[in-house]
Amino acid sequence: MQLLHAPSSLYLSLLSSKSQPKAVLLSPENCLPLSAINCSVQPRRLERSIWVSDKRSISSSVTTKAASVEAGSSAISTGTAESDVLKALSQIIDPDFGTDIVSCGFVKDLRINEALGEVSFRLELTTPACPIKDMFEQKANEVVAVLPWVKNVNVTMSAQPARPIFAGQLPMGLQKISNIVAVSSCKGGVGKSTVAVNLAYTLAGMGARVGIFDADVYGPSLPTMVSPENRLLEMNPEKKTIIPTEYLGVKLVSFGFAGQGRAIMRGPMVSGVIDQLLTTTEWGELDYLVVDMPPGTGDIQLTLCQVVPLTAAVIVTTPQKLAFIDVAKGVRMFSKLKVPCVAVVENMCHFDADGKRYYPFGKGSGSQVVQQFGIPHLFDLPIRPTLSASGDSGMPEVVADPQGEVANTFQNLGVCVVQQCAKIRQQVSTAVTYDKSIKAIRVKVPDSDEEFLLHPATVRRNDRSAQSVDEWTGEQKLQYTDVPEDIEPEEIRPMGNYAVSITWPDGFSQIAPYDQLQMIERLVDVPQPIPAQA
């Protein structure tokens, strides 16, 4: 059971050799500036520090080098050593991003002691649940160890701090959650809650910090499917926030833990309750928050999708045609709200008996969803009495039988969710950027191979907000001459999966949807890059 507890910290301390000389950090004023590597996962600049020995160690190192030169050995400079290490690490390609780990910005805290031939660094991945983190660690050790001057390699694995990629004023409780994944079926009785709970505990078993939010106020399932010691939500009287309960390292919030059982109330009241439960909870730092969506595509579902910056959705269905019809409505809803559906789980699809496989509800509903809507992954769950019994007993199946067939399917689903969320975050974070060298805005909409350039002034003039266009008459308030030709954006940040927020020098924050950017007049003659000033 303890294996399912999320680690207390994503950052593992670097090991240091006792024999390594005392190290000091060179300040920017005392050393040459190192080139910055653009991180494809985060748009911020990767800062790299090179540690060198203090004066006595430097003197000793110089003496040793001089002796080596006299003996015919070649001495290597710190810059060359760093270049060798980064060049070796750039051989490792992230299969999800198709880019080497140096360009992805994964390499942090690079330290080199050339006198002892020691190299240490940290690989900061996008998530602690990365399914190939062991491969990264092994390859990093191997490629650096083959350098002729390297005698010892120390690689530490960590993950990026939990934080949303989306801009905007998020509620306090959601500001430290990296990915919010909706599990939806739009139809009751297909096993949606079973999938949500087992997916959450699978992600926790992969090393992630996870929470579950049961959004079904009319019929909450979470109190039946898990068995926390504290079955009541508590309030923080000072902050007026909700403290979630916890089971096996996963944080839990459900209306069923509010002490009132199932709700009997009208839709607007339910939407308010869901909003309060979700946004005022002290979730803390989470890598994944799994939202068990209520059935349907009405006000409650729309409120959830609009209040919460959903990263992705997992669709649950059964083989019957009737299930497919309802699921199709849900997929269209997510499509309109620009929430990517990353996987389909077809539950109760078959069972095995007498050496044969039987399909009591027919075949094809799940594959039909995949084919019609272009959802990339399909997972089949069999009819298993143990899967149903584990839900009723309060012990998720992936915890009760972690080596079983069902747990293996959820493991594959967990890997899919981790990889797809990482891809979505990478695509969104780099969808719209400003290239200062050519003074143009680069646009590459997620799920599109097309990249194009826009003039900043053209983007600013095409703002359709009330500040630029009269809402009643449609008259253009922002005139062409009001925007200078040499205007440059100060900041560009993602706004969900559908738009970016562009901050201009006059303080105006423009919301630019991807659909609108695709319709704006594009730059045909690409400007020549402006050389960087020394």
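Buried here means under 20% relative accessible area, exposed over 50%, and partly exposed in between (1.4 Å probe, protein chains only). This is a predicted model, in which local features need pLDDT of at least 70, side-chain atom pairs count only at pLDDT 80 or more, and totals for chains, interfaces and linings use all residues. Residues are numbered from 1 along each chain as its sequence is written, and side-chain values use heavy atoms, leaving out hydrogens and water.

**View 1. Welcome to strand E8, residues 118–125.** Helices (H or I, at least four residues) and strands (E, at least two) are DSSP runs, numbered from the N terminus. In E8, 8 of the 8 residues are buried. Glu118, Ser120, Arg122 and Glu124 point one way, while Val119, Phe121, Leu123 and Leu125 point the other way. In a regular strand the side chains alternate between the two faces of the sheet.

**View 2. Here E8 meets strand E7, residues 107–113.** Two strands pair if DSSP finds at least two bridges between them; E7 and E8 have 5 and run antiparallel. Ile112 stands opposite Val119 in E8. The hairpin has 4 residues between the strands, and Gly117 takes a positive phi near 70° there.

**View 3. Now look at E8 beside strand E9, residues 152–159.** The two run parallel, joined by 8 bridges. Val119 stands opposite Val153 in E9.

**View 4. The open sheet has the order E7-E8-E9.** Its 3 strands show mixed pairing. E7 and E9 are the edge strands, each pairing on one side only.
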